[in-house]
Amino acid sequence: MRLAGIMMSSLVLGLAACGGNGPDEGETEPEATAPTIATDMESPVEDPFCAFTAENTDTSGEGGRYVFVTSMGDAVYHGYAKLDGEVTRLTEIEAGFGAGMETRRYVTEDDSVELEVILLDPRDGQAESEHSGSVRVIYPVEGDAVKFYGECDYDEAGE
């Protein structure tokens with residue numbers, strides 16, 4: 001009986017010395033962070049369907065600096081955002097309409113990042129193609145919303 005107890009203690013000590021299954025006491029897993037959405041992206045497509053500039057951005061001069069751009073693919077919308085400094089193509093996976101707004105969700109090809117885009121319906125005095133709204137990372141963790149404004153080319157959708 002005593003020999004079995006000694007062998008069991010040796011086995012437990014041996015497993016502990018090999019590293020075990022998780023972080024040592026006091027160590028923690030790194031916390032996930034949301035990618036940063038830049039506001040200085042050049043349009044990655046020649047003729048975007050929608051192009052949005054960050055709120056309070058000076059748009060005078062040549063070339064735009066965008067926070068989010070969309071294009072129409074074969075039966076699917078693609079969105080583009082500059083995430084952590086890299087222009088990233090996303091695919092629309094869901095769209096909801098109502099209460100004076102559209103909510104659209106986009107994911108990266110590997111599903112590692114998901115964005116939520118909210119488009120507010122045009123207000124009195126705005127053209128039907130003009131929108132304000134926001135974009136934010138909702139996966140892997142929720143990030144801060146970046147408010148934007150811009151236009152969509154609805155004539156292109158009807159062609």
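A nonpolar core is taken here as a set of buried Ala, Val, Leu, Ile, Met, Phe, Trp, Tyr and Cys residues joined through side-chain atoms within 4.5 Å, where buried means under 20% relative accessible area, exposed over 50% and partly exposed in between (1.4 Å probe, protein chains only). The model is predicted, so that local features need pLDDT of at least 70 and side-chain atom pairs count only at pLDDT 80 or more, whereas totals for chains, interfaces and linings use all residues. Residues are numbered from 1 along each chain as its sequence is written, and side-chain values use heavy atoms, with hydrogens and water left out.

The protein chain has two helices and eight strands, assigned as DSSP runs numbered from the N terminus (helices, H or I, at least four residues; strands, E, at least two). From the N terminus on, these elements follow the order α-β-β-β-β-β-β-β-β-α. Of the 159 residues in the protein chain, 30% count as buried.

The largest nonpolar core holds 20 residues, of which Ile37, Phe52, Val67, Phe68, Leu115 and Val135 touch the most other members. At least two residues of this core are supplied by each of strand S1 (50-54), strand S3 (77-83), S6, strand S7 (130-139) and strand S8 (146-152). A second, separate core of six residues includes Met41, Tyr66, Val69 and Tyr80. When residues up to four places away in sequence are not counted, Ile37 touches Val67, Lys82, Leu83, Leu115, Val135, Arg136, Val137 and Val146, a contact being heavy atoms within 4.5 Å.

Rings of Phe, Tyr and Trp (its six-membered ring) were paired if their centres lie within 6.5 Å, with planes under 30 degrees apart counted as stacked, over 60 as edge-to-face and the rest as tilted. By this rule there are four aromatic pairs. Phe68 and Tyr106 form an edge-to-face pair, at 5.1 Å centre to centre and with 65 degrees between the planes. Because Phe68 lies in strand S2 (residues 68-72) and Tyr106 in strand S5 (residues 101-108), this pair ties together parts that are 38 residues apart in sequence. Phe68 counts as buried at 0% relative accessibility, and Tyr106 likewise at 3%. Elsewhere, ring pairs link Phe49, Tyr77 and Tyr154 into a cluster.

Glu116, found in strand S6 (residues 114-120), is buried with a relative accessible area of 17%. Not counting residues up to four places away in sequence, Glu116 touches Thr103, Arg104, Ser134, Val135, Arg136 and Ile138.
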